[in-house]
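This report goes through a protein model part by part. Please look at the chain before reading on.

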Amino acid sequence: MEREGIRRAALTAVETMAVVASSRLAISFLSHSPRLSSPASAASFSVFVSRGVSSAARFRCAAGQTGFFTRLGRLIKEKAKSDVDKLFSGFSKTRESLSVVDELLLYWNLADTDRVLDELEEALLVSDFGPKISFKIVDSLREDILAGKLKSGSEIKEALKTSVLQLLTSKGSKTELQLGFRKPAVIMIVGVNGGGKTTSLGKLAHRLKNEGVKIHLFQVLLAAGDTYRAAASEQLEVWAERTQSEIVVADDDKVKAPSVLSKAVKKGKQQGYDVILCDTSGRLHTNYSLMEELVSCKKAVAKVIPGAPNVVGVTGLVLTKLDGSARGGCVVSVVEELGIPVKFVGVGEGVDDLQPFDAEAFVNAIFS
(Lines give C-alpha, C1' and ligand atoms only; values in the text may rest on other atoms or scores of the structure.)
Protein backbone atom coordinates (compact mmCIF):
# COMPACT_ATOMS: atom_id res chain seq x y z
CA MET A 1 0.00 0.00 0.00
CA GLU A 2 2.79 2.39 0.87
CA ARG A 3 4.55 1.75 -2.44
CA GLU A 4 1.29 2.27 -4.30
CA GLY A 5 0.91 5.63 -2.60
CA ILE A 6 4.45 6.51 -3.63
CA ARG A 7 3.70 5.47 -7.21
CA ARG A 8 0.61 7.68 -7.38
CA ALA A 9 2.54 10.58 -5.91
CA ALA A 10 5.28 10.15 -8.49
CA LEU A 11 2.77 10.10 -11.32
CA THR A 12 1.23 13.35 -10.14
CA ALA A 13 4.48 14.90 -8.94
CA VAL A 14 3.88 18.62 -9.13
CA GLU A 15 5.28 21.84 -7.77
CA THR A 16 4.62 23.81 -4.62
CA MET A 17 6.45 27.06 -5.23
CA ALA A 18 7.06 29.72 -2.63
CA VAL A 19 7.14 33.30 -3.86
CA VAL A 20 9.97 35.06 -2.05
CA ALA A 21 10.35 38.79 -2.45
CA SER A 22 14.00 39.79 -2.28
CA SER A 23 13.94 40.65 1.41
CA ARG A 24 15.07 39.00 4.63
CA LEU A 25 11.51 39.04 5.99
CA ALA A 26 10.30 36.76 3.22
CA ILE A 27 13.32 34.50 3.56
CA SER A 28 12.77 34.09 7.29
CA PHE A 29 9.21 32.96 6.53
CA LEU A 30 10.69 29.82 5.03
CA SER A 31 13.96 29.36 6.88
CA HIS A 32 12.45 29.60 10.37
CA SER A 33 9.42 27.44 9.72
CA PRO A 34 10.80 24.07 10.93
CA ARG A 35 11.86 25.49 14.31
CA LEU A 36 8.54 24.87 16.04
CA SER A 37 8.12 23.06 19.28
CA SER A 38 4.67 21.46 19.14
CA PRO A 39 4.03 18.43 16.90
CA ALA A 40 0.93 20.08 15.46
CA SER A 41 2.86 23.15 14.46
CA ALA A 42 5.65 21.10 12.98
CA ALA A 43 3.11 19.26 10.86
CA SER A 44 1.72 22.57 9.67
CA PHE A 45 5.07 23.72 8.38
CA SER A 46 5.79 20.53 6.49
CA VAL A 47 3.91 22.21 3.65
CA PHE A 48 6.81 24.61 3.26
CA VAL A 49 10.00 22.78 4.09
CA SER A 50 11.13 19.43 2.78
CA ARG A 51 12.39 16.97 5.38
CA GLY A 52 15.05 15.11 3.50
CA VAL A 53 14.70 13.35 0.15
CA SER A 54 11.13 12.50 -0.75
CA SER A 55 10.00 9.00 -1.59
CA ALA A 56 8.63 10.26 -4.87
CA ALA A 57 12.02 11.72 -5.72
CA ARG A 58 13.61 8.30 -5.25
CA PHE A 59 10.88 6.59 -7.29
CA ARG A 60 11.26 8.09 -10.75
CA CYS A 61 9.14 6.79 -13.60
CA ALA A 62 11.08 6.40 -16.84
CA ALA A 63 8.06 7.36 -18.93
CA GLY A 64 8.18 10.81 -17.42
CA GLN A 65 11.53 11.47 -19.02
CA THR A 66 9.95 11.70 -22.48
CA GLY A 67 6.42 12.76 -21.47
CA PHE A 68 4.56 15.94 -22.26
CA PHE A 69 5.44 17.77 -19.05
CA THR A 70 9.09 16.84 -19.37
CA ARG A 71 9.11 18.34 -22.87
CA LEU A 72 7.39 21.44 -21.54
CA GLY A 73 9.99 21.78 -18.79
CA ARG A 74 12.73 21.41 -21.38
CA LEU A 75 11.21 24.13 -23.56
CA ILE A 76 11.05 26.53 -20.64
CA LYS A 77 14.63 25.69 -19.70
CA GLU A 78 15.75 26.42 -23.25
CA LYS A 79 13.81 29.67 -23.13
CA ALA A 80 15.83 30.66 -20.06
CA LYS A 81 19.07 30.30 -22.00
CA SER A 82 17.73 32.39 -24.89
CA ASP A 83 16.44 35.17 -22.63
CA VAL A 84 19.83 36.21 -21.26
CA ASP A 85 19.17 39.82 -22.32
CA LYS A 86 16.22 39.90 -19.92
CA LEU A 87 18.46 38.72 -17.12
CA PHE A 88 21.07 41.32 -18.03
CA SER A 89 18.41 44.01 -17.76
CA GLY A 90 16.90 42.71 -14.53
CA PHE A 91 20.26 42.40 -12.80
CA SER A 92 21.65 45.71 -13.98
CA LYS A 93 22.14 46.96 -10.40
CA THR A 94 24.02 43.80 -9.50
CA ARG A 95 26.26 44.18 -12.53
CA GLU A 96 27.00 47.79 -11.54
CA SER A 97 28.03 46.66 -8.05
CA LEU A 98 30.21 43.88 -9.41
CA SER A 99 31.79 45.92 -12.20
CA VAL A 100 34.56 46.73 -9.75
CA VAL A 101 35.68 43.09 -10.03
CA ASP A 102 37.13 43.63 -13.51
CA GLU A 103 38.86 46.81 -12.35
CA LEU A 104 40.36 45.05 -9.33
CA LEU A 105 41.62 42.09 -11.31
CA LEU A 106 42.82 43.90 -14.43
CA TYR A 107 46.23 44.78 -12.97
CA TRP A 108 46.25 42.24 -10.15
CA ASN A 109 49.55 41.05 -8.75
CA LEU A 110 50.41 38.81 -5.83
CA ALA A 111 51.53 41.65 -3.59
CA ASP A 112 48.05 43.23 -3.80
CA THR A 113 46.20 40.04 -2.90
CA ASP A 114 44.90 41.12 0.52
CA ARG A 115 43.72 44.53 -0.67
CA VAL A 116 42.06 43.14 -3.80
CA LEU A 117 40.28 40.36 -1.90
CA ASP A 118 39.07 42.80 0.75
CA GLU A 119 37.53 45.00 -1.94
CA LEU A 120 36.12 41.97 -3.73
CA GLU A 121 34.51 40.87 -0.48
CA GLU A 122 32.97 44.31 -0.08
CA ALA A 123 31.58 44.17 -3.63
CA LEU A 124 29.92 40.82 -2.91
CA LEU A 125 28.40 42.15 0.30
CA VAL A 126 27.02 45.23 -1.48
CA SER A 127 25.46 42.88 -4.05
CA ASP A 128 23.53 41.05 -1.28
CA PHE A 129 25.51 37.83 -1.32
CA GLY A 130 25.50 38.02 2.46
CA PRO A 131 28.42 37.68 4.90
CA LYS A 132 28.44 33.88 5.00
CA ILE A 133 28.61 33.43 1.23
CA SER A 134 30.96 36.37 0.65
CA PHE A 135 33.47 35.17 3.24
CA LYS A 136 33.28 31.60 1.93
CA ILE A 137 33.99 32.64 -1.66
CA VAL A 138 36.82 35.02 -0.80
CA ASP A 139 38.49 32.56 1.59
CA SER A 140 38.43 29.91 -1.12
CA LEU A 141 39.99 32.32 -3.63
CA ARG A 142 42.67 33.33 -1.11
CA GLU A 143 43.64 29.70 -0.52
CA ASP A 144 43.92 28.98 -4.24
CA ILE A 145 45.95 32.13 -4.86
CA LEU A 146 48.40 31.38 -2.06
CA ALA A 147 48.66 27.76 -3.25
CA GLY A 148 49.66 29.01 -6.70
CA LYS A 149 46.54 27.63 -8.42
CA LEU A 150 45.39 31.07 -9.57
CA LYS A 151 48.06 33.17 -11.26
CA SER A 152 46.22 35.93 -13.09
CA GLY A 153 43.26 38.21 -12.76
CA SER A 154 41.34 36.32 -15.46
CA GLU A 155 41.88 33.04 -13.64
CA ILE A 156 40.62 34.59 -10.40
CA LYS A 157 37.47 35.86 -12.11
CA GLU A 158 36.75 32.45 -13.64
CA ALA A 159 37.28 30.85 -10.22
CA LEU A 160 34.89 33.40 -8.73
CA LYS A 161 32.20 32.55 -11.30
CA THR A 162 32.77 28.83 -10.78
CA SER A 163 32.37 29.23 -7.00
CA VAL A 164 29.05 31.04 -7.39
CA LEU A 165 27.81 28.50 -9.92
CA GLN A 166 28.73 25.61 -7.62
CA LEU A 167 26.85 27.22 -4.73
CA LEU A 168 23.75 27.49 -6.90
CA THR A 169 23.88 24.00 -8.40
CA SER A 170 24.96 21.97 -5.36
CA LYS A 171 21.75 22.69 -3.45
CA GLY A 172 19.42 24.01 -6.12
CA SER A 173 20.06 22.03 -9.28
CA LYS A 174 16.47 21.20 -10.25
CA THR A 175 15.58 24.59 -11.65
CA GLU A 176 13.33 23.17 -14.37
CA LEU A 177 9.67 22.53 -13.58
CA GLN A 178 9.04 19.03 -12.18
CA LEU A 179 5.46 18.30 -13.22
CA GLY A 180 5.44 14.53 -13.63
CA PHE A 181 3.54 13.27 -16.66
CA ARG A 182 -0.09 12.75 -15.65
CA LYS A 183 -2.59 15.54 -16.19
CA PRO A 184 -3.53 17.78 -14.58
CA ALA A 185 -0.39 19.04 -12.88
CA VAL A 186 -1.05 21.28 -9.89
CA ILE A 187 1.14 24.20 -8.86
CA MET A 188 0.41 25.93 -5.56
CA ILE A 189 1.88 29.36 -4.89
CA VAL A 190 2.61 30.31 -1.26
CA GLY A 191 4.38 33.19 0.48
CA VAL A 192 4.06 36.33 2.59
CA ASN A 193 1.88 39.37 1.96
CA GLY A 194 3.16 41.63 -0.81
CA GLY A 195 5.63 39.09 -2.20
CA GLY A 196 4.06 39.09 -5.66
CA LYS A 197 2.24 35.73 -5.61
CA THR A 198 -0.77 36.63 -7.74
CA THR A 199 1.28 38.56 -10.29
CA SER A 200 3.83 35.75 -10.53
CA LEU A 201 1.05 33.21 -10.96
CA GLY A 202 -0.43 35.26 -13.81
CA LYS A 203 2.97 35.59 -15.50
CA LEU A 204 3.55 31.88 -15.06
CA ALA A 205 0.21 31.15 -16.75
CA HIS A 206 1.31 33.35 -19.65
CA ARG A 207 4.62 31.51 -20.00
CA LEU A 208 3.04 28.05 -19.74
CA LYS A 209 0.48 28.94 -22.38
CA ASN A 210 3.13 30.32 -24.73
CA GLU A 211 5.43 27.33 -24.40
CA GLY A 212 2.70 24.70 -24.08
CA VAL A 213 1.04 25.52 -27.38
CA LYS A 214 4.26 24.54 -29.12
CA ILE A 215 3.51 20.98 -28.06
CA HIS A 216 -0.31 20.83 -28.22
CA LEU A 217 -3.44 22.83 -27.41
CA PHE A 218 -2.58 23.86 -23.86
CA GLN A 219 -5.15 24.58 -21.18
CA VAL A 220 -4.42 26.38 -17.91
CA LEU A 221 -6.92 26.74 -15.08
CA LEU A 222 -6.45 29.42 -12.42
CA ALA A 223 -7.78 28.99 -8.88
CA ALA A 224 -8.37 32.17 -6.85
CA GLY A 225 -7.41 30.76 -3.46
CA ASP A 226 -6.63 34.14 -1.89
CA THR A 227 -9.98 34.63 -0.18
CA TYR A 228 -8.72 37.21 2.31
CA ARG A 229 -7.63 40.00 -0.01
CA ALA A 230 -10.66 41.48 -1.72
CA ALA A 231 -8.82 42.55 -4.85
CA ALA A 232 -6.95 39.26 -5.29
CA SER A 233 -9.70 37.50 -7.25
CA GLU A 234 -10.24 40.52 -9.47
CA GLN A 235 -6.50 40.75 -10.10
CA LEU A 236 -6.35 37.08 -11.04
CA GLU A 237 -9.41 37.44 -13.28
CA VAL A 238 -7.51 40.12 -15.21
CA TRP A 239 -4.64 37.68 -15.67
CA ALA A 240 -7.08 34.97 -16.76
CA GLU A 241 -8.37 37.29 -19.46
CA ARG A 242 -4.85 38.27 -20.54
CA THR A 243 -3.72 34.67 -20.84
CA GLN A 244 -7.04 33.32 -22.15
CA SER A 245 -7.25 30.95 -19.20
CA GLU A 246 -10.29 29.77 -17.26
CA ILE A 247 -10.59 30.70 -13.60
CA VAL A 248 -12.42 29.37 -10.53
CA VAL A 249 -13.35 31.94 -7.88
CA ALA A 250 -15.27 31.85 -4.61
CA ASP A 251 -19.05 32.01 -5.00
CA ASP A 252 -19.40 34.39 -2.07
CA ASP A 253 -17.40 36.05 0.72
CA LYS A 254 -17.94 33.16 3.15
CA VAL A 255 -16.31 30.50 0.98
CA LYS A 256 -12.92 29.38 2.29
CA ALA A 257 -9.77 28.78 0.28
CA PRO A 258 -9.76 24.94 0.55
CA SER A 259 -13.22 24.84 -1.04
CA VAL A 260 -12.11 27.04 -3.94
CA LEU A 261 -9.02 24.94 -4.62
CA SER A 262 -10.96 21.69 -4.32
CA LYS A 263 -13.57 22.95 -6.80
CA ALA A 264 -10.84 24.06 -9.21
CA VAL A 265 -8.94 20.76 -9.08
CA LYS A 266 -12.14 18.77 -9.59
CA LYS A 267 -12.96 20.89 -12.64
CA GLY A 268 -9.43 20.56 -13.96
CA LYS A 269 -9.48 16.80 -13.58
CA GLN A 270 -12.95 16.34 -15.11
CA GLN A 271 -12.41 18.68 -18.06
CA GLY A 272 -8.88 17.63 -18.96
CA TYR A 273 -6.87 20.75 -18.11
CA ASP A 274 -3.11 20.48 -18.38
CA VAL A 275 -2.06 22.65 -15.44
CA ILE A 276 -3.91 24.13 -12.48
CA LEU A 277 -2.31 27.18 -10.87
CA CYS A 278 -3.51 27.74 -7.31
CA ASP A 279 -3.18 31.14 -5.69
CA THR A 280 -3.21 31.42 -1.87
CA SER A 281 -3.45 34.20 0.69
CA GLY A 282 -0.32 35.85 2.00
CA ARG A 283 0.63 34.66 5.48
CA LEU A 284 3.40 34.81 8.04
CA HIS A 285 4.74 31.72 9.76
CA THR A 286 3.78 33.25 13.14
CA ASN A 287 0.04 33.07 12.37
CA TYR A 288 -0.95 29.56 13.42
CA SER A 289 -4.53 29.63 12.09
CA LEU A 290 -3.45 30.78 8.63
CA MET A 291 -0.75 28.12 8.46
CA GLU A 292 -3.34 25.51 9.45
CA GLU A 293 -5.56 26.75 6.64
CA LEU A 294 -2.72 26.23 4.19
CA VAL A 295 -2.45 22.61 5.34
CA SER A 296 -6.20 22.31 4.75
CA CYS A 297 -5.70 23.66 1.22
CA LYS A 298 -3.14 20.99 0.52
CA LYS A 299 -5.37 18.24 1.90
CA ALA A 300 -8.33 19.47 -0.15
CA VAL A 301 -6.28 19.26 -3.34
CA ALA A 302 -4.83 15.84 -2.42
CA LYS A 303 -8.32 14.38 -1.93
CA VAL A 304 -9.05 15.01 -5.59
CA ILE A 305 -5.59 14.17 -6.97
CA PRO A 306 -3.52 11.90 -4.69
CA GLY A 307 -0.03 13.28 -4.19
CA ALA A 308 -0.91 16.84 -5.20
CA PRO A 309 0.23 19.51 -4.84
CA ASN A 310 3.40 17.77 -3.66
CA VAL A 311 4.68 15.15 -1.26
CA VAL A 312 7.66 17.02 0.13
CA GLY A 313 6.56 20.62 0.70
CA VAL A 314 8.12 23.48 -1.19
CA THR A 315 9.88 22.27 -4.33
CA GLY A 316 10.97 25.60 -5.76
CA LEU A 317 11.17 29.33 -5.27
CA VAL A 318 10.00 32.27 -7.34
CA LEU A 319 12.27 35.18 -6.42
CA THR A 320 10.49 38.46 -7.16
CA LYS A 321 11.10 42.20 -7.28
CA LEU A 322 14.70 41.97 -8.41
CA ASP A 323 14.13 44.93 -10.69
CA GLY A 324 14.03 47.36 -7.75
CA SER A 325 16.78 48.17 -5.25
CA ALA A 326 17.55 44.50 -4.61
CA ARG A 327 20.84 42.96 -5.65
CA GLY A 328 21.01 39.60 -7.40
CA GLY A 329 23.42 38.11 -4.90
CA CYS A 330 20.44 37.29 -2.71
CA VAL A 331 19.60 34.51 -5.19
CA VAL A 332 22.74 32.68 -4.06
CA SER A 333 21.99 33.36 -0.39
CA VAL A 334 18.46 32.01 -0.68
CA VAL A 335 19.56 28.77 -2.37
CA GLU A 336 22.44 28.28 0.07
CA GLU A 337 20.31 28.98 3.15
CA LEU A 338 17.18 27.04 2.21
CA GLY A 339 18.53 24.34 -0.08
CA ILE A 340 15.57 24.88 -2.43
CA PRO A 341 16.08 25.63 -6.14
CA VAL A 342 14.97 28.91 -7.68
CA LYS A 343 12.60 28.12 -10.55
CA PHE A 344 11.81 31.65 -11.73
CA VAL A 345 12.98 35.21 -11.07
CA GLY A 346 10.97 38.38 -11.50
CA VAL A 347 13.09 40.96 -13.29
CA GLY A 348 10.49 43.56 -14.23
CA GLU A 349 6.84 44.53 -14.41
CA GLY A 350 6.11 43.23 -17.93
CA VAL A 351 4.15 40.09 -18.68
CA ASP A 352 7.32 38.38 -19.96
CA ASP A 353 9.48 39.43 -17.02
CA LEU A 354 9.06 36.26 -15.00
CA GLN A 355 12.15 34.49 -16.25
CA PRO A 356 12.97 30.78 -15.91
CA PHE A 357 16.06 30.61 -13.75
CA ASP A 358 19.21 29.16 -15.23
CA ALA A 359 22.21 29.19 -12.92
CA GLU A 360 24.85 29.46 -15.64
CA ALA A 361 23.00 32.27 -17.44
CA PHE A 362 22.59 34.06 -14.10
CA VAL A 363 26.29 33.90 -13.28
CA ASN A 364 27.23 35.13 -16.74
CA ALA A 365 24.70 37.97 -16.41
CA ILE A 366 25.97 39.34 -13.10
CA PHE A 367 29.66 38.96 -13.93
CA SER A 368 29.47 40.15 -17.54
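Which residues does UniProt list for "domain: SRP54-type proteins GTP-binding"? The unreviewed entry gives residues 341-354. UniProt positions follow the numbering used here, feature names are shortened, and annotations may be inferred rather than shown by experiment.

## Basis of the report

This is a predicted model, in which local features need pLDDT of at least 70 and side-chain atom pairs count only at pLDDT 80 or more, while totals for chains, interfaces and linings use all residues. Residues are numbered from 1 along each chain as its sequence is written, and side-chain values use heavy atoms, with hydrogens and water left out.

## The listed stretch

Residues 341-354 are 0% helix and 43% strand. Helices (H or I, at least four residues) and strands (E, at least two) are DSSP runs, numbered from the N terminus. The end C-alpha atoms of this stretch lie 16 Å apart.

Leu 110 sits in the loop between helix H8 (100-106) and helix H9 (113-126). Its relative accessibility is 53%, so Leu 110 counts as exposed. The cut-offs are under 20% relative accessible area for buried, over 50% for exposed, and partly exposed in between (1.4 Å probe, protein chains only). The C-alpha atom of Leu 110 is 8.2 Å from that of Lys 151, 41 residues away along the chain.

The buried residues of H9 are Thr 113, Val 116, Leu 117, Leu 120, Glu 121, Ala 123 and Leu 124. They cover an arc of only 160° around the axis, which puts them on the same side of H9. The arc is that of the directions from the helix axis to the C-beta atoms. Among the elements covering these residues are helix H7 (92-98), H8, helix H10 (131-146) and helix H11 (153-171); contact means heavy atoms within 4.5 Å. Just after H9, Asp 128 has a positive phi of about 70°.

## H11 against H17

The axes of H11 and helix H17 (residues 359-366) come within 10 Å and cross at roughly 145°. Axes are lines fitted to C-alpha atoms, for helices over the stretch in contact, and angles run from 0 to 180 degrees between N-to-C directions. Residues of H11 that meet H17 include Lys 161, Val 164 and Leu 165. On the H17 side, the residues include Ala 359, Phe 362 and Val 363.

## Helix H16

Why is helix H16 (residues 329-338) described as largely enclosed by the rest of the structure? The reason is that 9 of its 10 residues are buried. Among them are Gly 329, Cys 330, Glu 336 and Leu 338. Gly 339, which follows H16, has a positive phi near 70°.
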